[in-house]
Amino acid sequence: MIKLKTYFIPGEPLQMTRQRFGRGRSYHVKKTSDFLKMGAEFIELEDRSGPNTGDDSGPVTGRVFVFIEYFCGRPGRLKRKSSPSSAIYKDTTPDLDNKIKMTLDILQKGGAIADDKTVVGLVAFDFWTTYDFKTKTQGLIGQSITIYKPNQGENDVEFTIESLRHTLEANET
């Protein structure tokens with residue numbers, strides 16, 4: 001797989017809420033629509049001035065794989081010395097699947113991918129961020145997103161799965 005683009009959207013990751021209906025139209029609550037707009041602006045800004053500039057800085061077309069890491073601010077109960085200082089898996093609400101919906105919409109609205117239906121593979125992790133007990137500060141809060149494209153001629157699903165595993169193992173080091 002070929003690593004195409006990497007983004008970081010700061011701020012507490014939000015979930016995609018259900019649409020509301022009123023006065024003959026549908027809409028999202030203000031918090032959701034504001035986060036969607038802010039995330040899309042970060043994507044556009046990074047495409048214009050960040051590491052993703054260049055000849056292929058437009059939306060990615062065709063099949064893509066997306067790797068997402070969510071880093072959420074720690075609650076007080078995880079800021080005690082008995083808690084680890086490294087990132088901790090988060091298994092509380094909001095649900096990971098609803099955060100993924102928001103992220104894919106941000107990628108599409110921000111112009112990183114042409115259409116979220118082209119995402120054929122996805123790996124996502126949800127963490128409480130790191131914490132330094134000496135300075136009482138948290139690590140980065142936000143979401144890290146990396147977009148990959150299959151190598152030319154990679155049509156075999158088994159090969160794609162092995163390629164994804166290899167990429168993930170490379171990211172561990």
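What share of the contacts in the protein with a separation of 6 or more is accounted for by residues 24 or more positions apart?

1. Overall composition. Residues 24 or more positions apart account for 82% of the contacts in the protein with a separation of 6 or more, a contact being a pair of heavy atoms within 4.5 Å. This is a predicted model, in which local features need pLDDT of at least 70 and side-chain atom pairs count only at pLDDT 80 or more, while totals for chains, interfaces and linings use all residues. Residues are numbered from 1 along each chain as its sequence is written, and side-chain values use heavy atoms, with hydrogens and water left out. The secondary structure comes to three helices and nine strands, arranged along the sequence as β-β-β-α-β-β-α-β-β-β-β-α; helices (H or I, at least four residues) and strands (E, at least two) are DSSP runs numbered from the N terminus. Of the 173 residues of the protein, 39% count as buried, where buried means under 20% relative accessible area, exposed over 50% and partly exposed in between, with a 1.4 Å probe and protein chains only.

2. The sheet. Five strands form an open sheet in the order E1-E9-E4-E6-E5, with mixed pairing; two strands are taken to pair if DSSP finds at least two bridges between them. The edge strands are E1 and E5 (88-89), each of which pairs on one side only. E5 is joined to E6 by two bridges, and these two strands run antiparallel, with Phe-127 in E6 as the bridge partner of Tyr-89. By contrast, strand E4 (residues 64-72) pairs with E6 in the parallel sense over nine bridges, and there the bridge partner of Phe-67 is Val-123 in E6. E6 is mostly covered, seven of its 10 residues being buried.

3. Helix H1. This helix has 20 residues and reaches 28 Å from its first C-alpha to its last, close to the 28 Å expected at 1.5 Å a residue, the expected span being 1.5 Å times one less than the number of residues. Its buried residues are Thr-32, Phe-35, Leu-36, Gly-39, Ala-40, Ile-43, Glu-46 and Asp-47. Seen down the axis of H1, these fall within an arc of 130°, so they line one face of the helix; the arc is that of the directions from the helix axis to the C-beta atoms. An α-helix has 3.6 residues a turn, so residues three or four places apart point the same way. On the other side of H1, Lys-30, Lys-31, Arg-48 and Ser-49 are exposed.

4. What covers the buried residues of H1 includes E1, H2 and strand E9 (142-149). Thr-146 lies in E9 and is buried, with a relative accessible area of 7%. Not counting residues up to four places away in sequence, Thr-146 touches Lys-3, Lys-5, Thr-6, Phe-65, Val-66 and Phe-67.

5. Salt bridges between elements. The structure holds four salt bridges, each defined as a side-chain nitrogen of Lys or Arg within 4 Å of a carboxyl oxygen of Asp or Glu. One of these joins Lys-5 to Asp-47, with the closest N and O atoms 3.8 Å apart. Lys-5 lies in strand E1 (residues 2-10) and Asp-47 in helix H1 (residues 30-49), so the pair ties together parts that are 42 residues apart in sequence. Lys-5 and Asp-47 are both buried. Another salt bridge links Lys-99 with Asp-126, the closest N and O atoms being 2.8 Å apart. Because Lys-99 lies in helix H2 (residues 96-109) and Asp-126 in strand E6 (residues 119-128), this pair ties together parts that are 27 residues apart in sequence. Lys-99 and Asp-126 are likewise both buried.

6. A further salt bridge. The side chains of Asp-115 and Lys-117 also meet in a salt bridge, at 3.9 Å from N to O. Here Asp-115 counts as partly exposed at 23% relative accessibility, and Lys-117 is exposed, with a relative accessible area of 67%.
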